Amino acid sequence: MGKKGDLSNFERGMVVRARRASLSISQSAQLLGFSRTTISRVYKEWCAKGKTSSMRQSCGRKCLVDARGQRRMGRLIQADRRATLTEITTRYNQGVQQSICEATTRTTLRRMGYNSRRPHRVPLISTTNRKKRLQFARAHQNWTVQDWKNVAWSDESRFLLRHSNGRVRIWRKQNENMDPSCLVTTVQAGGGGVMVWGMFSWHTLGPLVPIGHRLNATAYLSIVSDHVHPFMTTMYPSSDGYFQQDNAPCHKARIISNWFLEHDNEFTVLKWPPQSPDLNPIEHLWDVVERELRALDVHPTNLHQLQDAILSIWANISKECFQHLVESMPHRIKAVLKAKGGQTPY
């Protein structure tokens, strides 16, 4: 037995085309898989009204939140991205004749394209530093991937034994991840765990050095002389390499600046804009290490085990992974230019 009941507009069009092609009701029913009664009814409606669209009213309960209500709910979201479902429902019901429940609010928000997501974490960038980031991007907008291959990237990171799962959630649409009202700003901070310093370039991963105490200028000088110098002179024997470091206080200490001046004939220190982790591809390598740590079958239970796990994960990062990050630099520069020195998705 063929399909009965109302058909979609596309199916109704197929029926009309079949009948207009001189197929009989039986032939049309056999070809399309609809009942003979349905074929006859749809074709008669087309002959009488000249339309293939269904004129039947949609079934089901009438939506409690019409287009005007959706606009009102959208304004509530724009006013407070962090509002909970309960708060949104309460605020919506204020001043309306027919109140709605939280389930209706959730359904309406999803119909509008909103979902509850964690806000994108970005650094808090001051106006002065936005200008410096923009200046850096303009100065390097013509650099090619080949140019960025001459840069050695470095940074410190801290990995914790335990992590907090408590996170703020917001309401946003799919394309609003970088909307200012959908962001949570972060600042550099400490924490328990193991701190490491690392460097890499497009050509190879560099050393990963555990830091047993807080990194000060004296300890950083040892890292620069023992690890940065041999890496740069080996990878860039023609003295065409650039060493990247951020603007941490220990990096800007006088003894560090003097050391770099003494070796400026061997490589160049890249002048780095402040508050720019999105421009440093090594940040993504820290993310790789973090994800691999969380994915371990047996999690470290002490700092010594954690350090061993970090070193092992770092040593096994694929070449394709870190090379792809360096090759993304032209896109990162364009993103900073587009954001006029502001936050980027990287």
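## A tour from the second largest pocket

Start with the lining of the second largest pocket: its residues divide into five nonpolar, four polar and five charged. (Ala, Val, Leu, Ile, Met, Phe, Trp, Tyr, Cys and Pro count as nonpolar, Asp, Glu, Lys and Arg as charged, and the others, Gly among them, as polar.) This is a predicted model, where local features need pLDDT of at least 70, side-chain atom pairs count only at pLDDT 80 or more, and totals for chains, interfaces and linings use all residues. Residues are numbered from 1 along each chain as its sequence is written, and side-chain values use heavy atoms, with hydrogens and water left out.

**Select the pocket.** Pick Leu64, Asp66, Gly69, Tyr92 and Val96, which lie nearest its centre among the 14 lining residues. A pocket here is an open set of points on a 1 Å grid over the protein atoms alone, where a 1.4 Å probe fits, with protein on both sides within 12 Å along at least five of seven lines; lining residues have an atom within 4 Å of a point. The space in this pocket is about 320 Å³, a volume filled by probe spheres set on the points, which are joined across faces, edges and corners.

**Select helix H4, residues 67-79.** This helix gives the largest share of the pocket lining, four residues. Helices (H or I, at least four residues) and strands (E, at least two) are DSSP runs, numbered from the N terminus.

**Stay on H4 and pick isoleucine 77.** The residue lies in this helix. Is isoleucine 77 buried or exposed? Its relative accessible area is 0%, so isoleucine 77 is buried. (Buried means under 20% relative accessible area, exposed over 50%, partly exposed in between, with a 1.4 Å probe and protein chains only.) Leaving aside neighbours within four places in sequence, its contacts (heavy atoms within 4.5 Å) are Ile88, Leu109, Tyr114 and Trp171.

**Move to threonine 108.** Look in helix H6, residues 102-111. Threonine 108 counts as buried because its relative accessibility is 1%. Beyond neighbours within four places in sequence, threonine 108 touches Val65, Gln70 and Met73.

**Select residues 71-142.** An unreviewed UniProt entry annotates this span as "domain: Transposase Tc1-like". The span is 57% helix and 10% strand, and its end C-alpha atoms lie 44 Å apart.

**Zoom out.** The protein chain holds 14 helices and nine strands. Its C-alpha atoms fill a box of roughly 95 × 55 × 45 Å, taken along the principal axes. Of its 346 residues, 40% count as buried.

Methods: UniProt positions are given in the numbering used here, feature names are shortened, and annotations may be inferred rather than shown by experiment.
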